[in-house]
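This report is written for a reader who is meeting this structure for the first time. Please keep the sequence and the model in view while reading.

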Amino acid sequence: MRKVILDVDTGVDDALAILYGLESKQLEFLGITTVNGNVPLDMVNSNTLKVLQLAGRDDVKVYPGAESPLIREAEHEFMVHGTDGIGNALDDVTLEKELDNQFAPDFIIESARRHRGELTLIMVGPLTNLALALKKEPRLAGWLDEVIVMGGLVSLAGKGNSLPNSEFNIYADAEAARIVFHSGAEVTLVSLDVTHQTFLTIDHIETMKGTKYYNFVKQSTDVFRNFSMQRYNINGCALHDPLTVGFAIDKEFLETEKYFVDVETVSPLGYGQTICDFRNLWKKEPNVNICLNVDGEGFVKHFLETISVD
Ligand code: BDR
Ligand code: CA
């Protein structure tokens, strides 16, 4: 089984990604690391612990990470994920487990050192934890098998979700993303170009009726689906983070190609933009695998089957 650390800012689709990854039984979770993002870190931590409790997985440890971006001020996404980050779906849950004491970037470094060449990082929030880890231990890039990042957009000009050309995870800490992209690690960017082709609709959710996570999935996605209805006219939830986990489970879901990709950190109009040099105008070595195509139908089917457990 593939050894992974999942880095989250839980978040509705982060919660779905956690459940999907765990229920797939195809990934060995060394741990889950948390980061400020969709909601402040305290909420991310408790949401993550609650989701693990729902899954009955008290064997998976949660390592708290960065409370704020490297340089910029934090911005959150309450409009998309609800006032608590998971659509208030687990309000009644009393936590039975605590966080681990180790700081997430240190846990990432230690795990990569221990499992050299074998560890995959799945990053579905702002990249602050990994940037901090790389600053502390630059050899980390060479110790990792690969880094799969949910973030950015490369050919959907004007169709970002934080700024016209910027996606939330990169926009939330563009300086961190820049460090990760230039680290030398094998990075794959699962961008809005493909995640916006994978919506979990209300019809999909209704097929889960009677299964373990039906109530949670329906309630947690409620605010998100309303938001999507207003913005995209779809009563559904984009599976950004689950698709990123999906790529760790099965590479066939995505078609990738390597290009030079950089991150804008200066312009207020384009802060957090991921710029892919398709024509190699900058004459730089390719550094990021971008996603050109997705088997959206195949992926959503696999996601639904995997989380529809008794
Ligand atoms: C990304 O931003 C967050 O709102 C989601 O959890 C996802 O990781 C999509 O832009
Ligand atoms: Ca996320």
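In what follows, Ala, Val, Leu, Ile, Met, Phe, Trp, Tyr, Cys and Pro count as nonpolar, Asp, Glu, Lys and Arg count as charged, and the others, Gly among them, count as polar. The model described here is a predicted one.

With those classes in hand, the residues that line the largest pocket divide into 7 nonpolar, 1 polar and 5 charged. This pocket has a volume of about 190 Å³, and of its 13 lining residues the closest to the centre are Glu28, Phe29, Arg57, Asp59 and Val60. Helix H1, which covers residues 12-24, and strand E2, which covers 27-34, each supply at least two residues of the lining, and E2 gives the most, with 4 residues.

Helix H1 also takes part in a helix pair, for its axis and that of helix H14 (residues 296-307) come within 9 Å and cross at roughly 75 degrees. An angle from 65 to 115 degrees counts as roughly perpendicular, and H1 is therefore roughly perpendicular to H14. On the H1 side the contact is made by Leu16, Leu19, Tyr20, Glu23 and Ser24, which meet Phe299, His302, Phe303, Thr306 and Ile307 in H14. The residues of this contact divide into 6 nonpolar, 3 polar and 1 charged.

The two sets of residues can be set side by side by class.

Which residues coordinate the calcium ion (ligand 2)? The ion is coordinated by Asp9 (OD), Asp14 (OD), Asp14 (OD), Val124 (O) and Asp241 (OD), at 2.3 to 2.7 Å. Along the chain, these donors follow the spacing D-x4-D-x109-V-x116-D. Asp9 lies in the loop between strand E1 (2-8) and H1, while Val124 lies in the loop between strand E4 (119-123) and helix H5 (128-136), so the pair ties together parts that are 115 residues apart in sequence.

Two details of the backbone remain. Most residues other than glycine have a negative phi, and most peptide bonds are trans. The peptide bond from Thr10 to Gly11, however, is cis, with omega near -15 degrees, and Gly11 has its place in the loop between E1 and H1. Asn88, a residue other than glycine, has a positive phi, near 55 degrees, and is found in the loop between helix H3 (78-81) and helix H4 (104-114).

Technical notes. Residues are numbered from 1 along each chain as its sequence is written. Chains are lettered from A and ligands numbered from 1 in the order in which they are written. This is a predicted model: local features need pLDDT of at least 70, side-chain atom pairs count only at pLDDT 80 or more; totals for chains, interfaces and linings use all residues. Side-chain values use heavy atoms; hydrogens and water are left out. On a 1 Å grid over the protein atoms alone, a cavity is a set of points where a 1.4 Å probe fits but cannot get out, and a pocket is an open set with protein on both sides within 12 Å along at least five of seven lines; lining residues have an atom within 4 Å of a point. Grid points are joined across faces, edges and corners, and a volume is the space filled by probe spheres set on the points. Axes are lines fitted to C-alpha atoms, for helices over the stretch in contact, and angles run from 0 to 180 degrees between N-to-C directions. Angles under 35 degrees count as roughly parallel, over 145 as roughly antiparallel, 65 to 115 as roughly perpendicular and the rest as oblique. Contact means heavy atoms within 4.5 Å. Donors are N, O and S atoms within 2.8 Å of the metal (3.2 Å for Na, K and Ca); water is not among the atoms, so sites may look incomplete.
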